[in-house]
Amino acid sequence: MLRPVDEQQAIGLAAVAPLEPIDLPLLEAHGCVLAADVEALWPLPSFDNTSMDGYAVLAADVAGASEATPVQLRVVDDVPAGYRATERVSPGTAIRIMTGAPLPDGADAIVPVEGTDGGTDIVTITRSAEPGVFIRRAGEDVHAGEQVLRAGQYLSAREIAILAAAGHGSALVHPRPRVVVISTGNELVEPGTPLKHGLIADSNSYMLVTAAKQAGAAAYRAGPVIDDEDLFMRTLDDQLVRADLLVTSGGVSMGAYDTVKAVLSRLGTVEFTKVAMQPGMPQGFGTLGEENVPIVTLPGNPVSSYVSFEVFVRPLIRRMMGFANVTRPQVRASVLEGWASPANKTQFARVDLSVAEGRYVIRSTGAQGSHILGGLSRANALAVVPPEITEVKPGDVLTVYDLSREG
Ligand code: AMP
Ligand code: MG
């Protein structure tokens, strides 16, 4: 009896929790999930200031100013952003001022430079100003002590901006999980090196590290490791200390050199199962070492490996990062041309997702074999075909993982 996909997912998710929060400098906190509410340490703006380059004036002095009836004022000071005026504005005077500079004492309006002749000793003003115009008031955006962010929020550029502006140089976040990817196989060589007959490039470890990073993890590659039990065991030992999550590729099927399965079965803390899915039937999950580091053993076939990562590893990474929702964004999409799907297995079909006439549509990217990397590379989505469906027909509506969206 094959195990349903959601059961295998639940086993992994039950074994992981958000990582212990740490305080990270803002640029490192970017991309992480906030672990505590954040309050503003001061109001925003924190002082009254001008929103225009121009002149700080008394509105009453310029009430009648126009092109036909200009008003002249004596310029008594000049304030760039970052400085304070040393003079005050009194009747008959103005202070030249640049955007962001504090409002000088006495002034109650700003005349933009465009309404003046730009004078530095005497300024001629040809535009009137209501009291308060072009003045940004202290606290009009955010009050001191106001909550600006909530625990659980993802820190993108916008959240980093409010943190910085409101007085915070760092943020308490769930750190990025450290994911170590170990690929196994005697046939693997480094990408970019010539192949001898029978050998292949180790595409999986590069694919999985990239996928883990895209999910938000700090991911590293160890290997490839040849199919040698002692060597694999030593590599696991070495990597355990620096990993929050271990991911292996290959060596888990029924073959004679399936090292991962042979070694980890003996340890007794990793369970190997067959999951009712295509691709990606052979799966393993468990924990290793004193710290109970979770380990997911992915099949070696590249497309199986990718789909298994998406279904079983990515949710663990997202949970460790503190996301409330750990699943990939999904849409419902109509099938343009049909394809076949295996009985009694959930199929994760590689498809191209697009929008036509205002609705989502999908098209298979071709052959669905577990070695068809070309088809995977043309896909931007995975269509989920339920176990009871063996024939996907044009017009059917399926749930689709939109791989172009992270969260
Ligand atoms: P295995 O699960 O080790 O039996 O491998 C299944 C298939 O996936 C074989 O055709 C392997 O050559 C291939 N394979 C295994 N590991 C990798 C890898 N790291 N990169 C690309 N293909 C792989
Ligand atoms: Mg192998």
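# Helix packing, a ligand shell and some backbone details

Me: Where do α5 and α6 sit, and at what angle do they cross?
Reply: In this predicted model, helix α5 spans residues 229-240 and helix α6 spans residues 259-267, and their axes come within 9 Å and cross at roughly 65°. The crossing of α5 past α6 is right-handed.

Me: Which residues of α5 and α6 meet?
Reply: On the α5 side they are Glu229, Phe232, Met233 and Leu236, and these meet Thr259, Val260, Ala262, Val263, Leu264, Arg266 and Leu267 of α6. Sorted by class, that contact of α5 with α6 has 8 nonpolar residues, 1 polar residue and 2 charged residues.

Me: And what about α1 and α7, how do they pack?
Reply: Helix α1, residues 5-14, packs with helix α7, residues 302-321, at an angle of about 35°, and their axes are 9 Å apart. The α1 and α7 crossing is right-handed. From α1 the contact draws on Val5, Gln8, Gln9, Gly12 and Leu13, while α7 brings Val311, Phe312, Pro315, Leu316 and Arg319. By class, the residues in the contact of α1 with α7 are 6 nonpolar, 3 polar and 1 charged.

Me: Switching to ligand 1, which residues come nearest?
Reply: There are 17 residues around ligand 1, and those that come nearest are Glu187, Asp202, Gly251, Gly300 and Asn301.

Me: What polar distances are there between ligand 1 and Glu187, Gly251 and Asn301?
Reply: For Glu187, an N or O atom of the side chain is 2.6 Å from an oxygen atom of ligand 1. With Gly251 the backbone is involved, a polar backbone atom being 2.8 Å from an oxygen atom of the ligand. Asn301 likewise uses its backbone, where an N or O atom lies 3.1 Å from an oxygen atom of ligand 1.

Me: How much of ligand 1 does the protein cover?
Reply: On its own, ligand 1 has 480 Å² of accessible area, of which the protein covers 78%. The elements giving two or more residues to the shell around the ligand are β13 (178-184), β15 (200-201) and α4 (203-215).

Me: How do the residues of that shell divide?
Reply: The shell around ligand 1 divides into 10 polar residues, 4 nonpolar residues and 3 charged residues.

Me: How far is Phe272 from Glu140?
Reply: They are 132 residues apart in sequence, and in space they are 59 Å apart, C-alpha to C-alpha.

Me: Which peptide bonds are cis?
Reply: One of them runs from Leu44 to Pro45, with omega near -15°, and Pro45 is in the loop between β3 (38-39) and β4 (49-50). Another cis bond joins Gly223 and Pro224, with omega about 10°, and here Pro224 is in a strand, β16, residues 218-225.

Me: What is the phi of Asn292, and where is that residue?
Reply: Asn292 has a positive phi of about 50°, although it is not a glycine. Its place is in the loop between β20 (282-288) and β21 (293-298).

Me: Why point out these backbone details?
Reply: They are worth a look because most residues other than glycine have a negative phi, and most peptide bonds are trans.

Conventions:
Residues numbered from 1 in each chain as written. Chains lettered and ligands numbered in written order. Predicted model: local features only at pLDDT ≥ 70, side-chain atom pairs only at ≥ 80, totals over all residues. Heavy atoms only, no water. Axes fitted to C-alpha atoms, helices over the stretch in contact; angles between N-to-C directions. Helix = DSSP H or I, 4+ residues; strand = E, 2+ residues; numbered from the N terminus. Left-handed = near helix turned anticlockwise from the far one by under 90°. Contact = heavy atoms within 4.5 Å. Nonpolar A, V, L, I, M, F, W, Y, C, P; charged D, E, K, R; others polar. Near = heavy atom within 4 Å. Polar contact = N/O pair within 3.5 Å; in protein donor to acceptor, adjacent residues only side chain to side chain. Areas by Shrake-Rupley, 256 points an atom, 1.4 Å probe, with all protein chains shown as cover.
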